[in-house]
Amino acid sequence: MTHLGKSSHVAAGLSMADIVATLYARVLRVRPEEPEWPGRDRFILSKGHAGACVYAALAECGFFPIEWLRTHYQDGSLLSGHVSHKGIPGVELSTGSLGHGLGVGAGMALSAKLDSEDWRVFVLMSDGECDEGSNWEAILFAAHHGLDNLVAIVDYNKIQSLKPVPETLGLEPFAEKWTSFGWIVCECDGHDVAALEKALHPAGNGRPTVVIAHTTKGKGISFMENSVLWHYRTPQGEEYEAAIAELEGSRP
Amino acid sequence: MRDAFVTRLLEEARHDRNVMLITGDLGFGVLTKFEAELPRQYLNAGVAEQNMTMLATGLAMEGRVVFTYSIANFPILRCLEMIRNDACYHGANVKVVSIGGGFSYGALGISHHATEDLAIMRSLPEITVLAPCDLWEAAEATSALIRTPGTAYLRLDKSHAPAMRLDETPFRIGEARILREGSDVALLACGGVMSEVLSAAESLSSEGIEARVVSHHTVKPIDRESILACARETGGIVTVEEHTLDGGLGSAVAEVLADSCAWPRGFQRIGLRSGFSSEVGSQEYLRQIYGINSAQIESAVHGVLGGSRVMP
C-alpha cells in the first residue's frame, strides 16, 4: 500500500508493527463486525503518521476489505497518510498533529470510570512526540485522577524526524520521568510479542500504565533499520523488491 | 453574563447527568455551587487548556456534552488545534466558553483582551459561534447549545445590555433578534457592547432617526436573511463589535452583502481598527479610547445616512 501510494513514514510503521499486531491479536477487546460496540477497548494511534500500519491491521482483522489498502494515499481514497476516522470502521480518532492522542484517551478513560465501565484505552505514541508539552499535561492529569484503565505505549525507536532522539531533545532518564509523574512503567522489547502481551495486561491499582517499548525503526528491512532517511523515503523499484524479499524471507 | 451562564448550566445539568463542566483552574467563587452540587459533572483540569480541550473531546466522544470554561483567550488560542482537530473534526459535543469577551478584563492587559476570538473561531469548519448581548440571551444560548450537537464557542462578556424582547420569539441559534424596530438605519451588533448600541439608538431617536437594532448573537452560522432585509428595508447598515475589524461580525455581514450583491445605501463597521489594544483601563474606558461606544455609533450613523435620511 505504501509502495502503490508512494507514501512516506514506512519505517515508523515497521517500528510499531509488532506492537499493533500484539494489540489486535492478543489484547484489544474489539468486534470487527460491530466496530462501535460500546464495550470495546479504545485504541488511539497518536503518532498518526504511521497510519498505514493501523489500516493494515484493521483490514487484516476484518474491519474493512483488504482491497481498500490499495487506495491508500491516493486521489479520492478514504485512507489518508495520517490516520483518519472518516468512513473507516475501527479508527477512534483522527490524528496527525502530535500530542493529541493521550489527552483525548484520558478523557475517554475518565468517561469509562465515571460510568463504571470496564473497557480500557490504549494510546500508541512516538518517542519524538514526547517533546510535545500537551502530553505532559495529560500525563499529570491521568495520574492525578488514577486512570488505571489508560495505557500509553511509547514506540521508543530513538530516531525522530531529523536526528536521533538524544541529539534532538533527550528523553532520558525516560522511565524515571513517567515514574515520577505517578505512572506504572513497564519497559520491554517492542518486537517481543510475549513480552508486549505481558506488559499490556491490566495493571489496575489506581495508576495509569506506560509501556516503553524499545524498538528498531524500520524493523525487518535491513537497509531501513535505524536510518533517519526512511522516515520520509518511500520504497520504489529495486528498493521495493528488496524490501519485500526481506519481509517474505522472515515470514514465520 | 457569567452568572447567567453558570446558573442556567447548573439547572440543565441537574436534569442531564451527561452535561459536564471543565474549568481551566479559573472561576473563583463562581463555580463553587456547581462543584458542590454535581461533583461528578465538574472537573478542574488545572492550568492546562490543551489537555482540558482534549479531555473534553474524549468525554464528549463517549456521549457527554462538555463545557470547557476559562477567561479571555485561554480556552481558545492555547488549544486552538485541539478545538480544530479533536473537537470540530470529530463533531464532538464540546462547548468552549470564554467569559472575557472583548475588553471584559481591560485593565489586565492585552493577554486578557479577547479581540480576535470571533474571527478565529468562525473560520473553523463545523463550529457554532455565539456572542450573546444580554443575560437572557446568555442563559438561552447555554440551553440551546446543550440541545445542538457539535462543537461550539460561546463568548460571554463582563458587560451586558438591558434585556429587550419585543415579543415572545424564542432564542434560536442562527436567527438574529430584532431588539428595536426602525427603518432609517440598521445597527447590527453582538456581545455586551449592545448596551452602547441601544443607547445610541435612543439618542438617534430623539433626533428623529429610528434605528433597527439587531442582535447577531449567532456569528456563525450568520443570519443571512436578517442582514439582507436590513439592506433592503433601511437606509444603511452599521455593525458594532468589541473585536478587531479583521474577520469579525462586520466582516461576516459584509461577506453576506457582497456575496448576494445586496448593496445597502450606506455601510460602516465599528470595531478595533489596528494594532494591539495596549491602553490600560476598564471596559467602558477602552470602548471610549478605541471608538466603540455610543458617541462613535451615532457619528457613524450620521455618516452612513449622509444627511439624506431615507424615510420609511
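Start by selecting B:V129, which sits in strand β5 (residues 127–130) of chain B. What you're looking at is a predicted model. Is B:V129 buried or exposed? It counts as buried, because its relative accessibility is 0%. Show its surroundings, leaving out residues up to four places away in sequence, and you'll find that B:V129 touches B:L118, B:M121, B:R122, B:Y153, B:H217, B:T218, B:V219 and B:K220.

**Next stop: helix α7 of chain B**

Select residues 194–206 of chain B, and you have helix α7, 13 residues in all. From first C-alpha to last it reaches 19 Å, close to the 18 Å expected at 1.5 Å a residue. Colour B:M194, B:E196, B:V197, B:L198, B:A200, B:A201 and B:L204, which are the buried residues here. What covers them? The cover includes strands β7 (177–180), β8 (185–189), β9 (211–215) and β11 (237–244), along with helices α10 (283–289) and α11 (294–305), all of chain B. After the helix comes B:G208, with a positive phi near 95 degrees.

Stay with α7 and look for its charged partners. Side chains of opposite charge can pair when their charged atoms come close. Pick B:R180 and B:E202: their side chains meet in a salt bridge, 2.8 Å from N to O. B:R180 is in strand β7 and B:E202 in helix α7, so this pair ties together parts 22 residues apart in sequence. B:R180 counts as buried, at 14% relative accessibility.

Then try B:R287 and B:E196, a salt bridge at 3.9 Å, N to O. This one joins helix α10 to helix α7, so the parts it ties together are 91 residues apart in sequence. Both ends are buried: B:R287 has a relative accessible area of 4%, and B:E196 has 14%.

An α-helix has 3.6 residues a turn, so residues three or four places apart point the same way. B:R8 counts as buried at 18% relative accessibility, whereas B:E11 is partly exposed at 36%.

**Where the chains meet**

Show both chains. Here 23 residues of chain B are in contact with 25 residues of chain A, and about 2,100 Å² is buried between them, 56% of it from carbon and sulfur atoms. Highlight B:M54, B:E62 and B:Y89: they supply 26% of the area chain B buries against chain A, more than any other three residues. Two salt bridges cross this interface. For one between A:R42 and B:E62, zoom in on their side chains, 2.6 Å from N to O. On chain B's side, α3 (49–61) and α4 (80–88) each supply at least two residues, and the largest share, nine residues, comes from α3.

**Last stop: chain A**

Select A:T22 in helix α2 (residues 10–27) of chain A. A:T22 counts as buried, at 2% relative accessibility. Its side chain reaches the backbone oxygen of A:D18 at 2.6 Å. Beyond neighbours within four places in sequence, A:T22 is in contact with A:V27, A:V193, A:L196 and A:E197.

Technical notes: Residues are numbered from 1 along each chain as its sequence is written. Chains are lettered from A and ligands numbered from 1 in the order in which they are written. This is a predicted model: local features need pLDDT of at least 70, side-chain atom pairs count only at pLDDT 80 or more; totals for chains, interfaces and linings use all residues. Side-chain values use heavy atoms; hydrogens and water are left out. Helices (H or I, at least four residues) and strands (E, at least two) are DSSP runs, numbered from the N terminus. Buried means under 20% relative accessible area, exposed over 50%, partly exposed in between (1.4 Å probe, protein chains only). A polar contact is a pair of N or O atoms within 3.5 Å; within protein, one must be able to donate a hydrogen and the other to accept it, and residues adjacent in sequence count only if both atoms are side-chain atoms. Contact means heavy atoms within 4.5 Å. Buried area is the accessible area (1.4 Å probe) that two parts lose on being put together, summed over both. A salt bridge is a side-chain nitrogen of Lys or Arg within 4 Å of a carboxyl oxygen of Asp or Glu. The expected span of a helix is 1.5 Å times one less than its number of residues.
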